[in-house]
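Hi,

Here is the structure I promised to pass on. Have a look at it first, and then read on for my notes.

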Amino acid sequence: MDRDELYQQRPSGLTPPPLISVHDEPKPQRSQEHIQRFAGFGIGVTSLFAENLLSHPCIVLRRQCQVHHNSTWYHLTPFTIIPIIVNIQTHQGIASLWKGIGGTFVVRGLNLIAETVLSEFTSFSREVTRYTCYKNLGGHVTLKFLTFAITTPFAAASLVETVQSDIASERPGMLDVIKEGLRRVTRWGTPQTTRLLPVYLLVVPTALHSLAHYAITRLVQQAVVARLRPDDDATYRPVSGSPCWGLVASVVQLARGCSVHSGGGHPSASDPSSSSPAPPPRRTIHEAYLPDLIAVFSSHLIADVILYPAETVVARLHLQGTRTIIDNLDFGYEVAPINTCYEGAADAVRSILRDEGLAGFYKGFGALALQYATHALLLRATKLVFDRLAESYAGRPATGRGGDGDAAAAS
């Protein structure tokens, strides 16, 4: 029996009570929540765009500077790198600054697959917290080290795609990084040329550099979140994976319309099976998610600055003997071959100090500064835009069917 039949069979003189939904909320409050979700979604997507797409040209330029051992200009500031960008765009097109981006995403996927498989077949933990015991923490560090070691040949192949000149080489395919990485593994200890380093000499410095970058990023991120959100129990936040994908989870949560609370893992008060106290009061979208965005930004900045000399050494070891021709960033319209002859990481450090000086470890540092300056400006502009939208819509009175219905009920 449907609702209309029940209404017709009601006793005379009785008026059915109005239907009240437990989900009904005042229209201004619902509108404000929708604006907050939209603003948070936009800020999150902007951060992902800046971290993965907008920053790639700067990564290309800085890596080309790092591996060019005979360069005259070191490009330690952004002011010298900007004219080079103009020259490259004029002679090769703007697409040349995004070369190798497909291989970069492939290597990230291989890292995720390797970590997942290793964690399934071992007792190593993928997630740790501040209360994790030393045994599980050691297993987590071992898992990360093995993951970076397994993907070392693919990371080397991705570096070649990133720095090679479009003028002197063909544009690689999406999965060429896997083919080149497997080719280098199958020739383990048997170099293609006399200067190509075998993979076993690349595994330790590459894995140590990646592990150090991961550890610094994790520690700084946790410290920044604890400083900006002191009342939040960050103890129970898992420390695993990339900050970028943690931000993806937050954006997806906003898109689904979940409530924004200050705690990360508190159960809902409406859950009858939960015996925990009610969650804290709701926060604005910026109070809830801007600390995470700032933490991701600052953690990557600090890690990249601290480990920049080590990244220079690892990049040169990966590229040695691959017969790669790069863009000559002294001018921006010529190419230059890479002809180094390092015997290992220690020999590379000694050679750079002897031939290029201490500043040789920081070649292309201006591109790094330009990368994070652009990222910060984009995040700032996005926040200001959504702040303005939130202010304008928050002060707008509720109109339409909801407002007319409320007025009629009041009369």
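This is a predicted model: local features need pLDDT of at least 70, side-chain atom pairs count only at pLDDT 80 or more; totals for chains, interfaces and linings use all residues.

Let me start with G181. This glycine sits in helix α8, which covers residues 176–186. G181 has a relative accessible area of 0%, so it counts as buried. What does G181 touch, once its neighbours within four places in sequence are set aside? The contacts are P153, F154 and A157. As for V199, 18 residues away along the chain, its C-alpha atom is 10.0 Å from that of G181.

Now to the charged pairs.

K99 pairs with D327, with 2.9 Å between the closest N and O atoms.

R171 and D166 form another salt bridge, their closest N and O atoms being 3.3 Å apart. Here R171 is exposed, because its relative accessible area of 53% is over 50%. D166, at 23%, is partly exposed.

R354 and D355 also meet through their side chains, at 3.3 Å from N to O, and both of these residues are exposed. There is a network too: E115, R126 and K144 are joined into one by salt bridges that share partners.

Terms used:
Residues are numbered from 1 along each chain as its sequence is written. Side-chain values use heavy atoms; hydrogens and water are left out. Helices (H or I, at least four residues) and strands (E, at least two) are DSSP runs, numbered from the N terminus. Buried means under 20% relative accessible area, exposed over 50%, partly exposed in between (1.4 Å probe, protein chains only). Contact means heavy atoms within 4.5 Å. A salt bridge is a side-chain nitrogen of Lys or Arg within 4 Å of a carboxyl oxygen of Asp or Glu.
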